[in-house]
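Here's a walk through one protein model, one region at a time. Have a look at the structure, then read on.

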Amino acid sequence: MKQLTYKHTIRACFAGYGIQAIINNFIPLLFVFFGNKYNIGLSEIAFLITFNFAVQLLVDVAGAFIVDKVGYRVSMVAAHFFAAAGFVSLIILPDVMSSAYAGIVISVVLYAIGGGLLEVLVSPVAEACPTENKQSVMAVLHSFYCWGHVSVVIISTIFFAVAGIENWRWLVCLWIAICVYNGIMFSIVPIYDLVEEQEESISLFGLLKNKLFWMLMIMMFAAGSSEQAVSQWSSAFAEAGLKVPKAIGDLAGPMFFAIMMGLSRAIYSKLTVKFKLEHMMYAMTFLCLLSYLIIALSPIPALSLVGCGICGFSVGIMWPGTFSIAAALLRRGGTALFALLALAGDLGCGGGPTYVGMISDKMGGALDKGILYAVIFPILMIIGLFILDRFNKNVENDI
């Protein structure tokens with residue numbers, strides 16, 4: 001058998017983020033079908049999305065306490081097991097339980113645990129690998145979530161068109177096979193320690209007392225909010241800008257956003273040697289701010305859709321960039337650091353679109369007004385970068 005190296009670990013991490021994309025983006029494609037087949041109301045269907053991310057948030061918190069005790073390898077294999085178990089349950093439970101909806105909820109719980117663990121684990125496992133350019137690896141790593149999202153939508157759409165949506169279970173078998181294969185890979189690839197053996201990880205209490213940590217948490221919240229405040233409403237802009245039915249807008253908007261975000265991360269991974277991360281973060285955050293203004297103030301719907309694409313491109317490096325900055329500044333942060341940063345990012349992902357929706361509702365349903373008020377999120381990121389820049393300069397002066 002060919003000897004496995006850290007390169008195989010990195011590839012497995014790439015696939016891990018692809019699996020998380022499957023977890024978060026496949027089931028929504030079946031919502032209308034499930035609603036009709038099992039007579040489930042729209043409010044109950046919508047709750048499944050909230051429930052999925054709520055479970056993942058709880059796993060983010062638990063991961064800060066559990067992963068270091070159990071170990072990365074066991075946790076990674078468990079993540080893939082839960083993801084596969086969730087998809088297996090989705091095939092079986094809705095038709096064998098007295099309540100189809102309860103069967104779907106159980107499936108969501110299982111694969112959401114897997115998704116939450118992947119979010120906590122994949123970045124630190126990749127970060128710990130002995131790569132030469134960790135910022136580049138982190139950018140490519142996070143781009144795989146975007147490519148996974150786009151691939152899931154395209155593959156599913158083609159499959160449903162050719163085989164019929166009623167045969168969706170066969171497609172789920174493909175997702176199960178991917179989960180099982182990657183879980184097996186993580187049982188055999190080399191796993192490295194994030195913190196050197198001669199060093200001791202910062203305790204969770206130590207992190208919570210660190211002012212720099214809280215600044216990074218605010219930046220992660222801003223990154224998640226800046227991304228999802230527009231992404232979750234991109235279908236509405238696609239529908240208006242392209243003048244297409246809602247069903248097409250639901251696909252076109254999020255896919256356009258995801259492609260631009262993935263493209264940004266892929267391009268940045270090639271530029272890490274030439275440009276300093278903090279400078280790129282500044283540039284992209286100001287571009288994000290500009291995109292918000294285009295979306296909110298443009299009188300032309302098609303231009304607002306272009307603004308969504310610019311936003312997707314601009315937010316691409318915010319999340320992985322903040323991870324890279326945190327790993328460099330708090331080297332002994334360990335798994336707890338990544339778990340809590342993921343928690344802050346997820347809170348932003350939920351809070352951003354909720355904030356836009358609330359403001360829009362108060363403004364008589366004007367979505368552009370909600371986006372305009374959401375400029376607070378990229379502004380928060382700019383403030384965070386400025387404070388970190390001052391911190392780094394003070395450290396250099398002390399040296």
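## A well-covered helix

Let's start with α14, which is mostly covered: 10 of its 12 residues are buried. Buried here means under 20% relative accessible area, exposed means over 50%, and partly exposed is in between, using a 1.4 Å probe and protein chains only. The buried residues of α14 are M318, W319, P320, G321, T322, F323, S324, I325, A326 and A327. From its first C-alpha to its last, α14 reaches 16 Å, close to the 16 Å expected for its 12 residues at 1.5 Å a residue. That expected span is 1.5 Å times one less than the number of residues in the helix.

Some ground rules before going further: this is a predicted model, where local features need pLDDT of at least 70, side-chain atom pairs count only at pLDDT 80 or more, and totals for chains, interfaces and linings use all residues. Residues are numbered from 1 along each chain as its sequence is written, and side-chain values use heavy atoms, with hydrogens and water left out.

## The overall build

The protein has 17 helices and 0 strands. Helices (H or I, at least four residues) and strands (E, at least two) are DSSP runs, numbered from the N terminus. The radius of gyration is 21 Å, close to the 21 Å that the globule rule gives for 399 residues, so the protein is as compact as a globular protein of that length. For that figure, the radius is taken over C-alpha atoms, and the globule rule is 2.2 Å times the number of residues to the power 0.38.

Along the principal axes, the C-alpha atoms fill a box of roughly 65 × 60 × 35 Å. Of the 399 residues, 53% are buried.

## One cavity

How many cavities of 30 Å³ or more does the structure hold? There is 1, and the largest cavity has a volume of about 30 Å³. A cavity is a set of points on a 1 Å grid over the protein atoms alone where a 1.4 Å probe fits but cannot get out, and lining residues have an atom within 4 Å of a point. Points are joined across faces, edges and corners, and the volume is the space filled by probe spheres set on them.

The largest cavity is lined by Q135, M138, A139, Y268, L277, I317, P320, G321 and S324. Two or more lining residues come from each of α6 (134–163) and α14 (318–329). By class, the lining has 6 nonpolar, 3 polar and no charged residues. Ala, Val, Leu, Ile, Met, Phe, Trp, Tyr, Cys and Pro count as nonpolar, Asp, Glu, Lys and Arg as charged, and the others, Gly among them, as polar.

## Aromatic pairs

The structure holds 13 aromatic pairs. Rings of Phe, Tyr and Trp (its six-membered ring) pair if their centres lie within 6.5 Å; planes under 30 degrees apart count as stacked, over 60 as edge-to-face and the rest as tilted. F81 and F82 are edge-to-face, 5.7 Å centre to centre with 70 degrees between the planes. F81 is exposed at 55% relative accessible area, while F82 is partly exposed at 24%.

F221 and F377 are also an edge-to-face pair, at 6.3 Å and 75 degrees. This pair links distant parts of the chain, with F221 in helix α9 (residues 211–231) and F377 in helix α17 (residues 376–398), 156 residues apart. F221 counts as partly exposed at 29% relative accessibility, and F377 as buried at 6%. Elsewhere, ring pairs link F33, F34, Y38 and W168 into a cluster.

## Contacts across the chain

V172 sits in helix α7 (residues 168–188) and is buried, with a relative accessible area of 0%. V172 and I22 are 150 residues apart in sequence, yet 9.9 Å apart in space, C-alpha to C-alpha.

A266, in helix α11 (residues 246–271), is partly exposed at 27% relative accessible area.

## Backbone details

Which residue has a positive phi although it is not a glycine? That is N39, at about 55 degrees. N39 lies in the loop between α2 (31–38) and α3 (42–70) and is exposed, with a relative accessible area of 71%.

Helix α15 (residues 334–362) has 29 residues and should span 42 Å at 1.5 Å a residue; its end C-alpha atoms are 42 Å apart, which agrees. After α15 comes G364, whose phi is positive, near 75 degrees.

Technical notes. 1 Å grid on protein atoms, 1.4 Å probe; cavity = no way out; pocket = protein on both sides within 12 Å on 5 of 7 lines; lining within 4 Å.
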